[in-house]
Amino acid sequence: MQEEYGKNDLKYEGGELYLDGLSLREIADEYDTPLYVYSAERIKQNYTAYKEAFNFMNTKICYALKANFNGSVISLLTSLGAGADAVSGGELYMAKEAGINPEKIVFSGVGKSRQEIVEAIRMGVCMINIESEQELMRIEKIAAEEDVPANISFRVNPDIDPQTHPKIATGLKESKFGVPEEKALELYQRASSSPQVNVRGVHLHIGSQITSLEPFKMAASAAVELVSKIESRGITIEYIDIGGGLGISYGDFKVPAPGEIARALKPIFEGCTQKLILEPGRSIVGDAGFLLTRINYVKKGKDKNFVVVDAGFNDLLRPAMYGAHHDVIPVKKEGESITADIVGPVCESGDVIAEKRKVDGVIQNNYFAICDSGAYGFSMASNYNSRRRPAEIMIDNGWATLIRKRETYEDLVSTEA
Ligand code: LLP
């Protein structure tokens with residue numbers, strides 16, 4: 001868990017785990033498990049850390065909705081002044097529902113559908129971040145039909161290694177995202193003479209869970225260089241959007257805080273007249289969330305121990321998909337400490353939360369808190385094995401509020417026709 005810019009108020013009192021002053025045992029007893037619990041306070045601290053760090057230039061913080069799209073989370077961030085990075089019609093809809101000013105919404109994505117582009121143009125978003133020449137052509141056609149020019153930027157692939165998991169590296173030349181730098185200038189030239197589009201910015205996003213400064217510095221330098229090349233052709237660029245990607249500490253390694261990123265980037269943006277756009281997701285909500293899960297069975301074997309919990313990879317996919325580490329801590333200090341695989345109920349051997357993990361609090365019916373689950377937790381949950389997606393709770397100002405009900409069995413069949 002991160003120390004650098006705030007810290008969760010997470011502590012044991014009388015042998016029970018408390019978050020922001022509330023007993024997680026009581027919350028789990030009341031709302032059942034698996035259950036996502038978020039700290040509003042931590043989300044606020046994380047957002048504020050960005051806001052304060054980047055006050056050296058005009059900056060829009062467009063929260064990446066994909067990290068956690070619960071309407072209460074979005075509304076909380078909106079109330080603090082955040083905009084949104086949306087990547088689908090669904091996310092555009094959520095941004096609209098939260099009342100976010102369209103000038104604070106950027107629309108990204110490598111495969112935008114015709115309908116999604118129509119919606120973005122009608123909303124009047126700040127920028128549609130274009131990822132291919134064909135997308136530009138589609139946007140021009142739709143803008144002509146709608147009779148409104150579309151605000152655009154191109155997502156440029158700078159071929160930078162973000163030094164992260166290969167599945168979440170997006171700015172390498174072999175990745176599907178963006179247009180190559182060589183091609184970008186030609187596209188800017190073309191777009192600048194098109195009456196159907198307003199060229200507004202340059203967009204980059206090189207990957208996620210980035211834990212060092214270097215890739216951000218390289219990306220920012222690439223953006224600034226590209227902007228000067230574009231502007232030397234007489235095309236004005238208003239926004240530099242450097243995407244998201246700042247990692248969090250899943251465990252106890254050190255990651256840079258937004259303030260360190262800002263200090264590293266400030267000299268690079270020196271003299272730039274553009275406004276900056278950031279699209280953080282994980283670093284806003286990741287360490288604010290905990291997945292509470294009940295220990296259903298403890299299976300001790302000669303070679304291996306298993307702790308079978310009620311959260312599966314349908315609830316939290318990250319360990320199964322990326323081999324991701326999440327700290328697992330007991331909600332009640334009882335039971336024993338053993339080394340075990342912590343596994344879910346899904347009928348696949350890959351349904352693992354943690355492998356060969358030394359874990360405390362092992363006793364049937366205790367709860368575990370799976371830490372740092374606020375980003376890409378619920379948002380990647382599914383109904384696999386006809387499991388109901390979990391409920392979500394927000395702790396704010398000493399109150400725990402249900403912000404999403406647990407799905408019902410009826411919900412599982414409600415869209416069948
Ligand atoms: N902007 C764009 C264009 C993105 O594609 C993403 C994330 C972000 C911003 C936000 O990145 P962040 O600040 O959260 O790193 N499911 C994976 C992460 C996938 C990230 C996809 N794009 C995981 O659980 O690690």
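This briefing looks at a ligand and the protein around it. The model is predicted, so local features need pLDDT of at least 70 and side-chain atom pairs count only at pLDDT 80 or more, while totals for chains, interfaces and linings use all residues. Residues are numbered from 1 along each chain as its sequence is written, and side-chain values use heavy atoms, with hydrogens and water left out.

**The domains**
- An automatic or database assignment gives the protein chain domain 1 (10–39 + 286–413) and domain 2 (40–282).
- Taken over C-alpha atoms, the centres of domain 1 and domain 2 are 32 Å apart.
- In domain 1, 25 residues are in contact with 23 residues of domain 2 (heavy atoms within 4.5 Å).

**Around the ligand**
- The ligand is surrounded by 18 residues (a heavy atom within 4 Å), and the closest are Ser208, Glu279, Arg318, Tyr322 and Tyr376.
- Both domain 1 and domain 2 supply at least three residues to this shell.
- By residue class, the shell has 6 nonpolar, 6 polar and 6 charged members; Asp, Glu, Lys and Arg count as charged, Ala, Val, Leu, Ile, Met, Phe, Trp, Tyr, Cys and Pro as nonpolar, and the others, Gly among them, as polar.

**Polar contacts and burial**
- Polar contacts are pairs of N or O atoms within 3.5 Å.
- A polar side-chain atom of Ser208 lies 2.4 Å from a ligand oxygen atom, and one of Tyr376 lies 2.6 Å from a ligand oxygen atom.
- Alone, the ligand exposes 590 Å², and the protein buries 92% of that (Shrake-Rupley method, 1.4 Å probe).

Note on methods:
A polar contact is a pair of N or O atoms within 3.5 Å; within protein, one must be able to donate a hydrogen and the other to accept it, and residues adjacent in sequence count only if both atoms are side-chain atoms.
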